[in-house]
Amino acid sequence: MRKIKLSLLIITMLILRINSQTTINLHVDQAKTKINKEIYGQFAEHLGNCIYGGIWVGQHSDIPNINGYRADVLQALKELHIPVLRWPGGCFADEYHWMDGIGPTDKRPKMVNTNWGGVTEDNSFGTNEFLNLCEMLGCEPYISGNVGSGTVKELAQWIEYMTSDSDNPMAQLRRQNGREKPWKVKYIGVGNESWGCGGNMTPDYYSDLFRRYSTYCREYNGNHLFKIASGASDYDYNWTETLMKDVGTRMNGLSLHYYTVKGWNGSKGSATDFDLQDYYWTMEKCLEIKDVIKKHMAIMDKYDPHKNVGLMVDEWGTWWDQEPGTHPGFLYQQNTLRDAFVAALTLNIFNEYTERIKMANIAQVVNVLQSMILTKGDKMVLTPTYYVFDMYKVHQDALNIPIDIQCDSIDTGNRKIPSVSASASKDNKGIIHITLANILPDKNQKTIISLPIKMKGQPTGTILTADKINSFNSFEHPNSVVPAKFNRMIKKDKQLIIDLPAKSILAIEISLEN
Ligand code: AHR
C-alpha cells in the first residue's frame with residue numbers, strides 16, 4: 001500500500017513539473033454516431049511484394065504457409081481485426097483480367113505488370129485465393145473492377161462468378177474451380193483513378209461509364225452490392241462536383257485518394273533519414289486531409305444532404321522514396337515513428353467524420369508504401385503503423401464521442417498545427433476509449449481529460465513511442481518501436497490527469513460509474 005502511495009506521489013510530481021498543458025472535454029452524452037469499422041480497412045495490390053512474397057508464397061514454398069498464404073503474416077493480420085480488404089489495385093486493377101486468375105494454376109496465362117516494374121505476373125493469386133483469404137481474415141472483400149481496359153461484360157461476369165448460386169455459366173465455372181457456394185461480396189469499385197492510370201478520363205465521360213458499368217453489376221441470391229465510383233485525388237473538387245451532379249445516389253460511395261507525399265516528381269524524401277523540418281512538414285501535410293475531406297463533404301452535402309453516398313478514402317498514407325537498393329517500381333519503404341503519427345492523426349480525423357466517411361483503406365497492407373508488415377524471405381517485422389492500427393481497433397463500430405480540445409500549437413513556418421490530436425469512442429460495453437498523440441518531439445504534455453461522471457476502477461493505457469522520431473523496426477532489431485503498458489496518469493474527481501510523453505501515441509481505456 002505504501003509503495004502504491006509513493007509511486008502515485010512520484011507520478012503526481014512528474015505531471016505537475018510539465019509546463020505544456022492540454023485539456024480535453026469528452027461529451028459522452030453526445031455519443032450517437034457509429035465509427036464505421038471499415039475506416040480501419042486495408043488495401044492489397046499486385047504491386048512489388050505485397051501479394052507475392054508478402055501474403056502469398058504458394059503451397060510448395062519453404063516459408064511456413066497455410067494453403068499458400070504466409071502463416072506469420074496471416075496470424076499478424078488476424079490480430080488487427082481487418083474489417084475490409086481492397087484488391088487487386090490500384091492502377092493494376094484497370095489492366096487486370098480476372099479470368100486469367102482462375103482455374104488450375106499451371107494453366108493460368110502470365111502477363112506483364114506494366115504499372116509496377118514491368119515484372120511477370122503469373123496470376124497464381126486470383127479471385128478464389130483472394131476471397132478465401134478474406135474468409136480466413138473474417139473481413140469484407142472490396143473488389144476493384146476494371147473499367148479502364150475491361151468490358152462491361154467482363155465486370156458483370158466477375159460478379160456472377162463470385163456471387164451467383166444459380167445455374168448459369170459463371171456459377172458453373174466457379175463450381176468447376178472447386179468452390180460450390182458463392183462468396184458474399186459487398187464492395188465493388190467501378191474503376192480506380194479513372195482520371196489517371198485508370199483511363200485518363202474526364203469526370204463527365206467517367207460519370208457516364210459509371211452509370212453504364214454499374215447497371216450490370218447485378219445482385220444475386222440476396223448479395224447486396226455497395227457500388228463505389230472512382231473519385232478524386234486530393235484537391236480535385238471539380239471531379240467530386242461532377243460525379244455528385246451526374247451520378248448522385250446511383251452510387252453508394254465515392255472514393256478519395258490522399259497521400260502524405262512531397263509531390264509526384266523528383267525525390268519524395270527518405271523514409272528514415274529526415275530532420276525536424278521534414279517531420280513537421282509531414283504532420284502538417286497529413287493534417288491537411290481534414291480540410292480536404294471537409295471540402296469534398298461540403299460538395300457531397302449539397303447534392304446528398306441525407307448522406308446516402310459514402311465518402312470512401314480508399315487510398316491514404318505516406319509515400320517516400322523506395323528503400324535504397326530495392327526495385328523502384330515496388331514502392332517498398334521503411335516505416336518509422338513518424339509514419340505511426342500519420343496513422344494516428346489521420347484515424348483520429350476519420351473517427352470524427354464518420355457520418356460521411358464510410359470506409360478508408362491505408363496503402364498498403366504488406367511491403368508497399370505505409371505498410372503494416374514488412375517481409376524479407378522467411379522473416380517478418382511489424383511496423384509502428386501496425387501497432388497504431390492494433391491500438392486503435394477498439395474504435396471499430398463504437399460510438400464516436402465528440403470532444404473539445406485545447407492545446408499548444410506548433411508554428412511550422414507555413415501554418416500553425418495542434419500539438420495534440422485526440423479521438424474518443426464508447427463501445428457496446430460502455431467502455432470509453434481515448435486515443436491521443438503528442439507530436440512534440442521533446443516535450444511532455446500535462447493532459448487533463450474531463451468526464452461527465454466519475455471513473456470506475458483504474459484506467460489502463462498502452463503507449464507507442466521510441467528513442468527518436470525516426471526509430472523503426474528492422475529485421476535485425478524488430479522491437480525498437482513496440483507498444484508498452486502506460487500508467488503515468490492519476491484520477492482526480494471527474495478528471496484524468498496524464499503525463500503524456502513527448503513523441504508518443506497513447507490509447508486509454510476508462511470505465512465510468514453508473
Ligand atoms: O497505392 C499505389 C498506387 O497509388 C495505386 O495503384 C494507385 O491507385 C495510386 O496512384
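At what angle do helix 2 (residues 71–79) and helix 3 pack, and how far apart are their axes?

**View 1. Packing of helix 2 against helix 3 in the predicted model.** The angle between helix 2 and helix 3 is about 50°, and their axes are 10 Å apart; axes are lines fitted to C-alpha atoms, for helices over the stretch in contact, and angles run from 0 to 180 degrees between N-to-C directions. Helix 2 and helix 3 are therefore oblique to each other, since angles under 35 degrees count as roughly parallel, over 145 as roughly antiparallel, 65 to 115 as roughly perpendicular and the rest as oblique. Leu74, Leu77 and Lys78 of helix 2 meet Leu133, Met136 and Leu137 of helix 3 in this contact, where contact means heavy atoms within 4.5 Å. Five of these residues are nonpolar, none is polar and one is charged (Ala, Val, Leu, Ile, Met, Phe, Trp, Tyr, Cys and Pro count as nonpolar, Asp, Glu, Lys and Arg as charged, and the others, Gly among them, as polar). Residues are numbered from 1 along each chain as its sequence is written, and side-chain values use heavy atoms, with hydrogens and water left out. Because this is a predicted model, local features need pLDDT of at least 70 and side-chain atom pairs count only at pLDDT 80 or more, whereas totals for chains, interfaces and linings use all residues.

**View 2. The crossing of helix 4 and helix 5.** Helix 4 (residues 152–163) packs on helix 5 (residues 169–176) at an angle of about 50°, with the axes 7 Å apart, which makes helix 4 oblique to helix 5. Their crossing is right-handed (a crossing is left-handed if the near helix is turned anticlockwise from the far one by less than a right angle, and right-handed if clockwise). On helix 4 the contact is made by Gln157, Glu160, Tyr161, Met162 and Thr163, and on helix 5 by Pro169, Met170, Ala171, Leu173 and Arg174; by class, six are nonpolar, two polar and two charged.

**View 3. The crossing of helix 6 and helix 7.** Between helix 6 (residues 203–215) and helix 7 (residues 237–246) the packing angle is about 40°, and the axes lie 9 Å apart, so that helix 6 is oblique to helix 7. Helix 6 passes helix 7 in a right-handed crossing. Pro203, Asp204, Tyr206, Ser207 and Arg211 of helix 6 touch Asn238, Trp239, Thr242, Leu243 and Asp246 of helix 7, giving a contact of four nonpolar, three polar and three charged residues.

View 4. The domain assignment gives domain 1 (8–31 + 402–512) and domain 2 (35–398), with bounds that come from an automatic or database domain assignment. Their C-alpha centres lie 31 Å apart, and the contact takes 43 residues from domain 1 and 39 residues from domain 2. Together the domains bury about 3,200 Å², 71% of it on carbon and sulfur atoms; buried area is the accessible area (1.4 Å probe) that two parts lose on being put together, summed over both. Ile469, Phe475 and Ile505 supply 23% of the area that domain 1 buries against domain 2, more than any other three residues.

**View 5. Backbone features in three loops.** Most residues other than glycine have a negative phi, and most peptide bonds are trans. Glycine 89 and glycine 90 are joined by a cis peptide bond with omega of about 10°, and glycine 90 lies in the loop between strand 5 (84–87) and strand 6 (111–113); helices (H or I, at least four residues) and strands (E, at least two) are DSSP runs, numbered from the N terminus. The peptide bond from alanine 363 to glutamine 364 is also cis, with omega near -10°, and glutamine 364 is found in the loop between strand 13 (357–363) and strand 14 (373–376). Asparagine 123, although not a glycine, has a positive phi of about 60° and is found in the loop between strand 7 (119–121) and helix 3 (127–137).
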